[in-house]
Amino acid sequence: MDIITLIKVLVSGLLDAEEEFLEHLDTFSVFEQTMHGLTDKMAADFLGLALTNADILIRESGR
């Protein structure tokens with residue numbers, strides 16, 4: 001997975017969450033939890049991607 005795919009997944013999730021919230025304005029806490037979960041997942045996935053790339057660089061460099 002690349003950064004563009006990660007961003008597309010995040011934005012899609014954010015827009016879906018917003019749409020659901022706007023249909024049910026009394027569920028702000030659910031909306032907030034969903035936003036938090038989506039951003040946490042994006043951060044974790046990005047860290048994994050960065051660490052994978054670092055691992056590849058280290059292996060290829062012979063360090």
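This is a short tour of a predicted model, going from its helix pair to its salt bridges and then to a surface patch.

**Stop 1: the two helices**

Select residues 3-23, which make up helix α1. Turn the view until both axes can be followed: they come within 10 Å and cross at roughly 175°. Because angles over 145 degrees count as roughly antiparallel, α1 is roughly antiparallel to α2.

**Stop 2: where the helices meet**

Show side chains on both helices. On the α1 side, select I3, L6, I7, L10, G13, L14, A17, E18 and F21. These meet a set in α2 made up of F28, F31, T34, M35, L38, T39, M42, D45, F46 and L49. Keep D45 and F46 of this α2 set displayed, as both come back below.

**Stop 3: the salt bridges**

How many salt bridges does the structure hold? There are two. Side chains of opposite charge can pair when their charged atoms come close.

For one of them, select D45 and K41, whose closest N and O atoms are 2.8 Å apart. Colour the pair by accessibility: D45 is partly exposed, with a relative accessible area of 29%, while K41 is exposed at 51%. D45 is also among the α2 residues that meet α1.

Is D55 buried, partly exposed or exposed? At 35% relative accessibility, D55 counts as partly exposed. R59, with a relative accessible area of 66%, is exposed.

**Stop 4: the nonpolar patch**

Switch to a surface view and select I3, I4, I7, V11, L15 and F46. These residues form a nonpolar patch on the surface, and together they have about 490 Å² of accessible area. Which helix gives the most to the patch? Helix α1 does, with five residues.

Zoom in on I4, which lies in helix α1. Its relative accessibility is 46%, so I4 counts as partly exposed; the exposed class starts over 50%.

Note on methods
Residues numbered from 1 in each chain as written. Predicted model: local features only at pLDDT ≥ 70, side-chain atom pairs only at ≥ 80, totals over all residues. Heavy atoms only, no water. Patch = residues over 30% accessible without salt bridge, like charges linked within 9 Å, V, L, I, M, F, W, Y side chains within 5 Å. Areas by Shrake-Rupley, 256 points an atom, 1.4 Å probe, with all protein chains shown as cover. Salt bridge = Lys/Arg side-chain N within 4 Å of Asp/Glu carboxyl O. Helix = DSSP H or I, 4+ residues; strand = E, 2+ residues; numbered from the N terminus. Buried < 20%, exposed > 50% of the residue type's maximum accessible area, 1.4 Å probe, protein only. Axes fitted to C-alpha atoms, helices over the stretch in contact; angles between N-to-C directions. Parallel < 35°, antiparallel > 145°, perpendicular 65-115°, else oblique. Contact = heavy atoms within 4.5 Å.
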